[in-house]
Amino acid sequence: MALIEARGLRKVYKTTVALNGINLRVEQGRILGLIGPNGAGKTTALNAILGLTPYEGELRVLGLDPWQNRDQLMRDVCFIADVAILPRWLRVSQALDFVAGVHPRFDRAKADAFLAKTDIKRSSKVRELSKGMVTQLHLALVMAIDARLLVLDEPTLGLDILFRKQFYDSLLNDYFDRSRTIIVTTHQVEEVQHVLTDLMFINRGRIVLDTSMEEFESRYTEVQVKPENLAAARALLPVSERQGLGRTILLFDGADRQQLAGLGEVRTPSIADLFVAVIGQQQARGFASPERAEAPVPTPPAD
Amino acid sequence: MSTASTTFNGFQQGNASTLHPTQPFLWSIRREFWEFRSIYIAPLGVALLVLFSFVVSMARVTHQAQPMTEAEVIQRPYNFAALFLMGICFVVSIFYCLEALSTERRDRSILFWKSLPISDFTTVLTKFSIPIVVLPVIAVVLTIVTHVIMLLLNSAVLLANGQSVNMLWSSLPLGQMWMMQAYHMLVLHGLWFAPVYGWLLLMSAWAGRLAILWAVVPFVVIGVFEKMLFNSEHFGHWMMYRFGGAPASNAYPGGHMAMHEWANLHFAEVLFNPSLWAGLIAAAVFLFLTARVRRSRGPI
């Protein structure tokens with residue numbers, strides 16, 4: 001049984017459909033990136049998984065219904081919702097004491113070790129720390145918790161490059177092992193490209209891509225085509241096209257690399273390029289207007 | 001179906017320390033002290049103020065060299081000290097309940113608290129026990145400490161003036177006063193006001209910034225409408241009853257809220273008062289609703 005399983009997950013706010021019947025499956029030991037434009041439904045999906053909001057459809061996290069069994073679920077699941085949510089009056093030492101006192105899986109020594117590598121003083125209050133230090137503190141707390149599932153909703157929002165890099169380095173090196181699962185949402189798609197094992201694109205409440213990174217690398221190809229080969233390249237039905245310096249860059253789904261190699265420089269696309277291509281395609285198909293609350297529409301197959 | 005903890009492969013169960021079931025509750029109480037420092041600072045401030053004014057009045061008295069005669073005159077400052085400490089704890093209780101569940105939402109820290117395995121019910125119960133148990137205990141402890149300091153100062157001044165302390169010590173039934181204070185705070189302020197605190201907590205969870213409006217205005221409106229439409233004041237009297245305590249009776253001349261001699265207390269009359277129990281049931285309902293609201297109100 002998968003760590004997270006969702007079938008027909010749906011959430012409607014008054015007249016807006018935030019999630020339009022998504023199917024989701026996350027296996028243990030994966031790092032999933034949930035990428036989507038603003039308002040796509042990422043946070044709503046995560047809220048449903050964390051038991052913060054009720055939903056329609058079927059959803060099981062660690063075998064539990066997150067809305068009904070939230071208290072039990074929170075022993076094994078941890079999340080960072082946003083950089084700024086630690087209470088500003090809380091002292092670093094109080095935060096450590098509190099989590100140690102209420103969480104059965106908190107390892108105080110680990111948190112202390114992580115904080116020792118930072119500039120954070122035990123006696124500081126959260127309001128005295130910079131944004132990056134608040135994230136470091138929150139991460140120290142979270143990484144010392146022996147959780148099965150870690151959910152990170154735009155954890156590096158507003159942080160500088162050094163903190164962001166440090167964040168993912170710490171996560172991979174000090175925290176992640178095959179038994180833990182991480183879900184990350186972020187707009188900084190480039191920096192998670194080498195961290196993820198699985199990828200999901202979400203747009204307008206629907207999953208538009210669901211693939212592992214291995215599959216991604218073998219399936220999608222980007223070719224920098226010289227002008228003379230352009231017509232031949234276009235005949236192979238690319239997914240999208242964009243202009244580079246003096247060349248056209250075409251993106252192919254499931255095309256033969258050998259064949260493409262003859263037309264120009266071949267490489268694996270970045271997640272960002274694929275994202276722009278796929279979501280752009282969605283817009284072109286007429287999903288431009290926000291969904292109104294109506295009878296559920298069958299989910300288009302992920303491509 | 002096997003529990004979630006054994007379903008997934010390769011995951012060690014180690015590192016899970018066993019927590020005593022009361023630990024989340026006790027740590028949540030500590031959190032309230034960290035977050036709402038007025039819980040202890042305001043009563044402490046009042047105690048210091050009382051002591052300061054007592055010292056000043058001592059200085060004035062020694063100048064006039066008034067002999068201490070009437071027991072009531074002797075007792076007055078001690079009664080005032082007890083009264084002010086009770087009063088500040090009541091005021092702090094009201095303001096605390098109005099804020100308790102809205103500040104965490106306002107500064108979004110509710111998402112941090114919700115990421116920890118503490119149930120909504122535990123959190124609401126913790127917040128409820130502040131006005132019911134914690135503040136009354138603080139009031140009583142501070143009263144005892146303040147009285148002792150006042151007594152020592154009083155005695156020191158008397159002895160320095162060459163007067164005897166016998167009159168002073170025999171006119172102050174401090175032990176009784178303290179027990180009366182404890183009873184008054186815990187039973188009357190605590191149990192009798194329970195539905196009031198429950199209502200305020202519910203409003204702070206439900207109405208956020210406008211908690212005080214939603215808590216008070218409906219009652220005012222009902223009272224005014226009743227007077228206008230029916231020219232009766234039943235609602236107003238009922239409110240007075242709830243806030244002022246039961247009216248005077250044989251056992252309680254002056255009503256339940258007035259302070260009495262310890263020996264004259266008839267516990268049965270208070271504890272078996274059906275209104276007390278109706279209030280406690282209402283408080284339980286409010287707490288249940290408060291936990292529901294905290295859970296269902298979206299993350300922010």
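This is a predicted model: local features need pLDDT of at least 70, side-chain atom pairs count only at pLDDT 80 or more; totals for chains, interfaces and linings use all residues.
Read along its sequence, chain B follows the pattern α-α-α-α-α-α-α-α-α-α-α-α-α-α. Its secondary structure comes to 14 helices and zero strands, where helices (H or I, at least four residues) and strands (E, at least two) are DSSP runs numbered from the N terminus. Residues are numbered from 1 along each chain as its sequence is written, and chains are lettered from A and ligands numbered from 1 in the order in which they are written.

Of the 300 residues in chain B, 30% are buried. A residue is called buried if 20 or more other C-beta atoms lie within 10 Å of its own, exposed if 12 or fewer, and partly exposed in between, with C-beta atoms placed from the backbone. Two residues are in contact if their C-beta atoms, again placed from the backbone, lie within 7 Å. Among the contacts in chain B between residues at least 6 apart in sequence, 79% join residues at least 24 apart.

I turn now to the interface. Here 35 residues of chain A are in contact with 29 residues of chain B. On the chain A side, β5 (77–80) and α3 (92–102) are the elements that give two or more residues. The largest share, five residues, comes from α3(A). By class, the side of chain A that touches chain B divides into 18 nonpolar, eight polar and nine charged residues. In this scheme Ala, Val, Leu, Ile, Met, Phe, Trp, Tyr, Cys and Pro count as nonpolar, Asp, Glu, Lys and Arg as charged, and the others, Gly among them, as polar.

Four bridges join β5(A) to strand β6 (residues 149–153) of chain A, and the two run parallel; strands are said to pair if DSSP finds at least two bridges between them. Across this pairing, A:Ile80 stands opposite A:Leu152. In β6(A), five of its five residues are buried. A:Leu149, A:Val151 and A:Asp153 point one way from that strand, while A:Leu150 and A:Leu152 point the other way. Strand β6(A) is in turn joined by five bridges to strand β7 (residues 181–185) of chain A, also in parallel, and A:Leu150 stands opposite A:Ile182 in β7(A).

What of the nonpolar cores? By a nonpolar core I mean a set of buried Ala, Val, Leu, Ile, Met, Phe, Trp, Tyr and Cys residues joined through C-beta atoms within 7 Å. The largest has 99 residues, and those with the most contacts inside it include A:Val77, A:Ala140 and A:Val151. Helix α5 (residues 131–143) of chain A gives the most to this core, with seven residues. At least three residues are drawn from each of domain 1 (4–204) and domain 2 (215–284) of chain A, the bounds coming from an automatic or database domain assignment. Leaving aside neighbours within four places in sequence, A:Ala140 is in contact with A:Ala111, A:Phe114 and A:Leu115. A second, separate core of 47 residues includes B:Ala47, B:Val140, B:Leu287 and B:Ala291.

How far apart are the centres of the two domains of chain A? Taken over C-alpha atoms, they are separated by 34 Å. Their contact takes eight residues from domain 1 and eight residues from domain 2. On the domain 1 side, α7 (189–192) and β8 (198–203) each supply at least two residues, and β8(A) gives the most, with three residues. That side has five nonpolar, two polar and one charged residues.

Finally, chain A also holds an open sheet of four strands, in the order β11-β12-β10-β13, with antiparallel pairing. Why is one side of β11 (240–243) and of β13 (264–267) left without a neighbour in the sheet? Both stand at the edges, each with a single partner strand, so one side of each has no neighbour there. Strands β11(A) and β12 (residues 248–253) of chain A pair in the antiparallel sense over four bridges, and A:Arg242 stands opposite A:Ile249 in β12(A).
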